[in-house]
Each structure stands twice: as C-alpha cells, then as structure tokens.
Amino acid sequence: MRQSNMWKKTAACIMAAAMTISMCGCGNEGDSSITDSSDSAGGSTESSSTESSPEEQEQGSEDAGTEESESSSSEEQAGGITYPLEEKVHLVLAMVDEAAVTANAKNLAETPFGQAWQEATGVELEIMQLADGNALNLLYAGGDLPDMIWMVSSYSGGAEKAIKDKIIEPLNDYMEFAPDFQAVLDSNELYAKSCRTSDGKIIGFPQIDGDDYLLTSAGLIIRQDWLDDLGLAVPQTADDLYEALKAFKEEKGASAPLSTTLWWLKDIAVQYGLFTSPFGLARGGFYQVDGKVHYGYAEQEYKDVLEYLHKLYEEGLLDPNFQSVDDNTVKANIMNGDTGVAIGNTGSYIGTMLETMAADEPDFDLSGFGPLVKTAGDIPMSTHYNWPIQNTYVIITPNCTNKEAAVKFLNYGYTEAGHMLFNYGIEGVSYTMENDIPTYTDLLMHNPDGLTKQLAMAQYIRAWNGGPFIREKGYQLQYSDLPQQQAALTSWSTSDASKYQMPPVTVSEENTSEYSKLNGDISTYVSEMFVRYVTGLESLDTFESGYLATLESMNVDRVIELQQEALDEFNSR
C-alpha cells in the first residue's frame, strides 16, 4: 500500500525509535477536569467537569446504504508483528453507540471500515453496543467486562482508579506485542507522558492528533453577507462584536443577534476563552501560567466576562432562550435571518449551513472569526484548543481472554497500513492516491446516496471520531474543504492557547475521592451561577461577597492545590 507524504516523513523517526524500545515510566492522559468538561470528531457528552470536543456533537441520523468493503488479505510485517495474525481470535469490544455509524450499519464491526480492520488483522470483532455513558458506567460497576472497552473520559476517579478497580489492564507487560505503538511513544515525550499514569502504567491505545492544525475545530461564526451589506469589518474586539450585534438587531431585524446553546456558550466560549481575553482572563476553566495553576471561574476578571454577557442578554443581543435552544434551532435561526452570530464548528455548523443555503440563497455567506481581544491586533490568550492526546482510549480489561492478541489487534492502527485505513479507509473505494496525496473519493465527499460527509466517513474511516491511531491533517483539510471553513480554522487557531493549556494530568489516587467530590460540587455551582448572572437573576453586586466567598467555602483553593500537585507531577515525569 502506498503511503502519504506525512507518514513517510514520520515513519523513519518512529521506526528508528522502535529499535531502542524502552519502558520508561511517564504520565497519564489526565483527570477529566483538566480539560474542564469535543470537537475532535466524536460523539459523547461528558460530565460537567470535562471539556467535550465540539465535533463530538456532530451526530447523523440519515438513512442510506453503504458499499461493500474491499481490503487486501496479504500478509504485512509491521514492527515485528505479522498481519493478519496466524491464530484466529474472537474479541469483544464494548463501546457507546455512535449515531453516525448506526444510522447505516448495525455497529462498527459491520461497517466497511470494521470489516477491513478485521480482515487486515485476522481478528473477529464483536461489538457490545452500549446505549450511552450511563450504560458504560453500569458495565464498569457490574464487573463482567469484555475483552476491550472504548473509553471516553468516563471513569470516575480517572485511569489510576480504573486500574485499581480492575477495569484497565496496564499495557506495560504487553508492549512487546505493540511495537508500532511503542515506537510512537518513544518518538514523542509528550505522547509518552500523556498516556501513562503517575507511576508509569500505560493506560491504553489513544487517538493522537498528529498535527497542530487538528487541535482547534470550533469558534465564533458570523453572517459575512450581513457584514458586507452593512459595511462592517469582521469583529476583533468585544466592542466590535457588540456593535455588530446591535447593527444586526436594528438594521437586519435579527430577533436573536447572538444565538447559541448553553453548552456552546459556557463550556466552549467561556471555558475555552473565546470571550475572556478582552478582560485579562485566559479562560474559564483550569489553566496554567508558568507552571502555576489557575481556575478562571474563581478569578476576579471573570466578573467582567459575566458583565459583558449580561449586557448582551439585557439588551436583547443574546438569545433569551440560550438555556433551552438546541443546535438545530440555532442553525435555523441563522439561516432564516433571526441570528447573525453563533458558536459552532466547521462541519455541522459552517459546512451544513452553507451547503443548505447554496441553492435558494446564493448570497448567504459565513465567516469564522477568532476569539475576542481587548485591542484590535492583539493575540487572543486562548481559543478552542485540545491536547494532542485527549481522553479517548481503547483499553484492555483484566478479563480479556487473549491479551496478547488484543494488544496486537489494537497496535495495528499505528502501523503504516493501519494509519491509512483509520485516516482514509480503503484504497480505490474511499480514497485514491493523487500526486502521492491520499484523496477522498466522491463516495465520502459527494455521496451518491445523499449521505453527508460525516455519515459517509463514519462507514469508512475513524478520523471523523477517533480511535487507536494517529489522526492526520489530510482528514481535516478535506472534511472542511470549503474556503470559508479553511479560513475559519485559521482564524480560530490564532492564539497563545498553548502557553496556558493544562496537559492531561491526573490527581493522585489517594486524593481522587476528595477531588471528585469537591470539583463536582464546585462545577455544579459555577454552572448554576453562570446562568443566574448572565440572565440577571443574580446581581453581579454579589460576585465578591456571594459567589467568590461561596467558592472559597467550597474549598476551591484545595481543588487548585490538587491540580497543582498533578501538574508538578506531570512536569517531573
């Protein structure tokens, strides 16, 4: 199989590292609170203390058929492992239902991608389909675990607790059967730190975003055609946005100039810092400054953020229904002229709306614009930004009937052939090589059965929603191929976020129970007060004496202290 240019460039250093495999002890993917709540490209809703990725909200529901998969059954030598495996193995993988997959297949194993994965490895894969995160938690509690579990930041207490509770089987004793994955860890210190616990236990097989271009995927969106009509520039500052929203209300008749869901407003726009830089705050959640942990929601500058949002709400510039509207309503508001600004991602927001409006309203246009700043030309402190390894792993359980085979099976995604399958699918079917560049076919980009890109991709690749492999930039370049989408990604990614981003640290096992209780209560209180302050149900006059004092009484300083200990430990690995 031919390989992409990116893989050619990285393969040499990775395979060289494989020649000197080591089992050095490093860090963990981190407590879910560190990433405070995705858009990677997947589909789970996480707890209030974790940052879920915006593209994780993109789930499809259309019905259509799929083509049969085609893959090569020839043997392939990968880092000392021969695929397909000589022995026939049956393995069970538990995973939460992905709507985009099950819209057109019974489960992942029956998609063309799943069939190709099984054929390439010689493993018969059975999917234990779980309805939602609650069902996954019940599986953990029941103790009757399958061979493997597709985990998404869902275990209370983090990876170290999951290992102690015999949910995760650490990989350290099995890495000889995962030479390609080991080579990846050896090639990048941050990768090695991020997927280990504080005592050096390797958690599982993660998705790794292999290019900075993939770390930002959501932001502010505006009706560019309205700006053009009104002779306005794309907003840069908080004042610019305010003036644009006023103009949209007064001159375009927008009833909800800024419309967004509560999740997008708080857990993305404020938590990631889209609205905070003008007020000297990096972001709402946990962040660091030169190795010192901060909690934005407990800082004085957060009051100014709330004051700004309350002003928008009070003047009818923020959708009065932001607590209850859903994504489809927000998009409808934009397309029917009720809204001029939203918060979303390149796929289900910008792409969907542009494609929907193209025929009936060709002048309809959208732009993504960067996080707000205080003064035009400033660099935003933060943006929607994810660590290259987030909280998605496929793990081996202690109950696994054949751990050696399971490790070999999951190692496949880090091989050259696995890299191409997970990112691009089946050559000649879902992609072809054009000038040495893997290029998606019309089966994915302009599906003949009317499937959206996401629904088509969900049948043939895993780059859309993660898995045990390194995700490549080529996926995003093609998935978000409209000029407006490419420009939006550039605007959204321009920031100093890497200076402030917390790595995926883990609170020590002995402090997990205390941390979970404190942080859970604090997160709930912060969310409740966010709504009260924005809507004016609570006067901001109580911010210091009420809100901050309450956080202090809830031991927010202890939560920050535990995060500091975790960060110090991560940095020392």
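In this predicted model, E538 pairs up with R532 in a salt bridge, with 3.3 Å between the closest N and O atoms; the term covers a side-chain nitrogen of Lys or Arg within 4 Å of a carboxyl oxygen of Asp or Glu. Both partners are partly exposed, E538 at 21% relative accessible area and R532 at 32%. Here buried is under 20%, exposed over 50% and partly exposed in between (1.4 Å probe, protein chains only). Local features need pLDDT of at least 70 and side-chain atom pairs 80 or more, while totals for chains, interfaces and linings use all residues. Residues are numbered from 1 along each chain as its sequence is written, and side-chain values use heavy atoms, with hydrogens and water left out.

The structure has 18 salt bridges. K517 and D521 make one at 2.5 Å, N to O; the two sit four residues apart in helix α21 (residues 509-535), so about one helical turn separates them. Helices are DSSP runs of H or I with at least four residues, strands are E runs of at least two, and numbering starts at the N terminus. K517 is exposed at 53%, whereas D521 is partly exposed at 33%. Another bridge links E561 to R558 at 3.2 Å, three residues apart in helix α23 (residues 556-572). Elsewhere, salt bridges with shared partners tie R223, D225 and E361 into one network.

As for the overall picture, the protein chain comes to 23 helices and 15 strands, and 61% of its 573 residues count as buried. Disulfides (cysteine sulfur pairs within 2.5 Å) number zero. Among the buried residues are C195, at 0% relative accessible area, and C400, at 6%.
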